[in-house]
Amino acid sequence: MLQNRATRRRIITYAMLVTVSLLMLAASKTVPLQDLRHGINYALSPLQETLARSTRSVTSIFNAVAEIDQLRRDNQQLAAQVQQLQVQTQQLEALRTENEQLSKLLGLRGTLDFKTQPAAVIARQATQYERAVTLNKGTDSGIAVGDPVLAEGGALAGVVVDAGSNYSSVMLLNDTRSIVIGLVESSRATGEVEGRLAGPLGMTQIPSTDKVAVGDTVVTAGLDLGGAVRAAFPPGLLIGRVVDVQQDPSAIVQIALIQPAVNLDKLELVLVMTDFQPPDVPAPGASPGASHQPIPGKAP
């Protein structure tokens, strides 16, 4: 009996739910209920719009943060690329400069009557007593002690004073030990060109009767002065230009200051004359058949 009551109760409840659903379905199409729905939507629309704007703002903030982070990464990549391009540009500029210098030296090489060997400066020695450079080539390339060394434009830079199989040391013109017999082209006056480190070269022992003026060109004389200083260079190699003349009316000689034709402190590429043989000059007081000993390292 209890089961029958429970069954009837479930049936009645189900029937009531169906009835209510049918009534609500029928009522949803009525004008009052539709007006109520419109009213609720109208009342809630500002809240919905606010919520939508908030959602869009939050989304925009996240998108902006993501874009800023992407821009930061892009800027870092661009900065790295710019730095790499700057390094490449500097390397290309250095290569261009080196190629220009080498081209000028090779062009000079074709105008000389001597065999030459191009070489690069790999070290410098600058002290209160000396000015010297080390080259990247030596005896394996035919370079020997006593070989003249030329710079750009055919200007004399110095002389080889030491040579190994793959290196050679060059004493520059501005070294205090360097002495070259110079010739003033305009007046043919001669004198001893001495190194004076950072200052201009000094051309001494010029007879006071010889004319020497500022701007005169000085080249190698290719001879010795009474056998005291041997001619270690061929004639006509450019040394520099006179920038000052020091004269003493009571002296029998005068001094000219010479600016070297090249910056000796910034040599990078040079030409070494490998087959120049200084002429044999009789030593003072020697018999006519006697002569100086050849420079060490040079073939007799």
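**Exercise 1. The S1–S2 hairpin and its surroundings**

Task: Determine through how many residues the hairpin joins S1 to S2, and state which strands pair with S1.

Solution. 
Step 1. The hairpin that leads from S1 to S2 passes through 4 residues. Strands here are DSSP runs of E with at least two residues, helices are runs of H or I with at least four, and both are numbered from the N terminus. The model is a predicted one, in which local features need pLDDT of at least 70 and side-chain atom pairs count only at pLDDT 80 or more, while totals for chains, interfaces and linings use all residues. Residues are numbered from 1 along each chain as its sequence is written, and side-chain values use heavy atoms, with hydrogens and water left out.

Step 2. Strand S1 (residues 116-126) and strand S2 (residues 131-135) are antiparallel and share 5 bridges; two strands pair if DSSP finds at least two bridges between them. Within this pairing, Gln125 stands opposite Ala132 in S2.

Step 3. S1 also runs antiparallel to strand S12 (residues 269-273), again over 5 bridges. Here Ala120 faces Leu269 in S12.

**Exercise 2. Closing the barrel**

Task: State in which order the 6 strands close into a barrel, and examine how S3 pairs with S4.

Solution. 
Step 1. The order is S1-S2-S5-S4-S3-S12, with antiparallel pairing. From one strand to the next, the twist averages 45°; the axes are lines fitted to C-alpha atoms, for helices over the stretch in contact, and angles run from 0 to 180 degrees between N-to-C directions.

Step 2. Strand S3 (residues 148-150) and strand S4 (residues 156-163) are joined by 3 bridges in the antiparallel sense. Pro148 has Val159 in S4 as its bridge partner.

Step 3. For the chain as a whole, there are 2 helices and 12 strands. Their pattern along the sequence is α-α-β-β-β-β-β-β-β-β-β-β-β-β.

**Exercise 3. Strand S6 and its two partners**

Solution. 
Step 1. Buried means under 20% relative accessible area, exposed means over 50%, and partly exposed lies in between (1.4 Å probe, protein chains only).

Step 2. S6 and S7 form a hairpin with 5 residues between them.

**Exercise 4. Nonpolar core and aromatic pair**

Task: Give the number of residues in the largest nonpolar core, and describe the geometry of the aromatic pair.

Solution. 
Step 1. The largest nonpolar core comprises 41 residues. Such a core is a set of buried Ala, Val, Leu, Ile, Met, Phe, Trp, Tyr and Cys residues joined through side-chain atoms within 4.5 Å. Leu135, Met203, Ile239 and Leu267 have the most contacts inside it.

Step 2. Beyond its neighbours within four places in sequence, Leu135 is in contact (heavy atoms within 4.5 Å) with residues including Ala120, Ile122, Tyr167, Val170 and Val272.

Step 3. The structure holds 1 aromatic pair. Phe114 and Phe276 form this pair edge-to-face, at 5.6 Å centre to centre and 85° between the planes. Rings of Phe, Tyr and Trp (its six-membered ring) pair if their centres lie within 6.5 Å; planes under 30 degrees apart count as stacked, over 60 as edge-to-face and the rest as tilted.

Step 4. Phe114 is partly exposed at 27% relative accessibility, whereas Phe276 is buried at 6%.
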